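Hello,

Here is the structure you were going to look at. Please open it first, then read my notes below.

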Amino acid sequence: MPDRPARHTLVWLSANADWRADVAAHEPRLAAWFAQGLPAMVARRAVDDPDPRLRLGVPLPPSEGKQRLALRVALQDVQCQQPPPTLDAVLASGVASDWQAALHALARIAPARVFGAFAWQHLIGLPYVHAASDIDLLWPVAGAAQADALVTRLRGWEREHGRRVDGELCLADGGAVNWREYAGDTRQVLVKRLHGAALEARERLFVATGVAA
């Protein structure tokens, strides 16, 4: 049986997977999606959710109304899994010319993985990115100094390129913090984990790594 995957992990289901859509009317579209061999993405569960199955999401392209279809599946029905694509991989596969310079500059700031529209367009080849799209990234951070430097550079990138970057700082213990929230001055920040989300003290985020400052 595979390990329980983290949020944003891409998973491919076995041919006979016993999945169930949260909305029954979505099941035909999901069945067609999985019949094409396409993946779903692991989503966060609520803290008080009694259902032990994985929560997954499938975002349909804008041409289908940009819906996110939700489903549940037992862990043993996951055939394989992999992390989201790297920004370098997305760039290598080709992006719109008006994004090229901005994304190459963003890639030079720090290693990152991509989720959201750019990731899905890269993965399945359907048009997800449009003129008003943001790029959604995940950055691993080991300590407060690294996180502080990263958010400073991200703010500078947005000012220089007139684009918006969204995403999360990924902590060593599996938690993740929205980079804009971290860039603020609140004493607590919302930390998302596979099994829920909770406010945690900013000064405690990196204690486990031994590089809190």
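A disulfide here is a pair of cysteine sulfur atoms within 2.5 Å. By that rule the count is 0 disulfides. Please keep in mind that this is a predicted model.

Cysteines

C80 is partly exposed, at 37% relative accessibility. C170 is partly exposed too, at 24%.

The largest pocket holds about 510 Å³ of space. It has 24 lining residues, and the closest to its centre are P59, R68, F115, G116 and D136. Elements that give two or more residues to this lining are β3 (40-42), β4 and α4. By type, the lining divides into 11 nonpolar, 5 polar and 8 charged residues.

The second largest pocket holds about 440 Å³. β8 gives the most, with 3 residues. This lining splits into 15 nonpolar, 5 polar and 5 charged.

Helix α3

What do the buried residues of α3 pack against? Helix α3 covers residues 97-109, and its buried residues are W99, A102, L103, A105, L106 and I109. They pack against α2 (87-93), α4 (117-124), β8 (135-140), α5 and β9 (165-170).

A buried glutamate

E158 sits in helix α5, residues 144-161. Is E158 buried or exposed? Its relative accessible area is 16%, and the cut-off for buried is under 20%, so E158 counts as buried. Setting aside neighbours within four places in sequence, E158 is in contact with R163, R164, V165, W179 and R180.

Backbone angles

Most residues other than glycine have a negative phi. Two residues are worth checking on that point. H8 is not a glycine, yet its phi is positive, about 75°. H8 lies in the segment before β1 (10-13). H8 is buried, with a relative accessible area of 11%.

K66 is not a glycine either, and has a positive phi of about 55°. K66 lies in the loop between β4 (54-59) and β5 (68-73).

Best wishes

Methods. Residues numbered from 1 in each chain as written. Predicted model: local features only at pLDDT ≥ 70, side-chain atom pairs only at ≥ 80, totals over all residues. Heavy atoms only, no water. Helix = DSSP H or I, 4+ residues; strand = E, 2+ residues; numbered from the N terminus. Buried < 20%, exposed > 50% of the residue type's maximum accessible area, 1.4 Å probe, protein only. Contact = heavy atoms within 4.5 Å. 1 Å grid on protein atoms, 1.4 Å probe; cavity = no way out; pocket = protein on both sides within 12 Å on 5 of 7 lines; lining within 4 Å. Points joined across faces, edges and corners; volume = space filled by probe spheres on them. Nonpolar A, V, L, I, M, F, W, Y, C, P; charged D, E, K, R; others polar.
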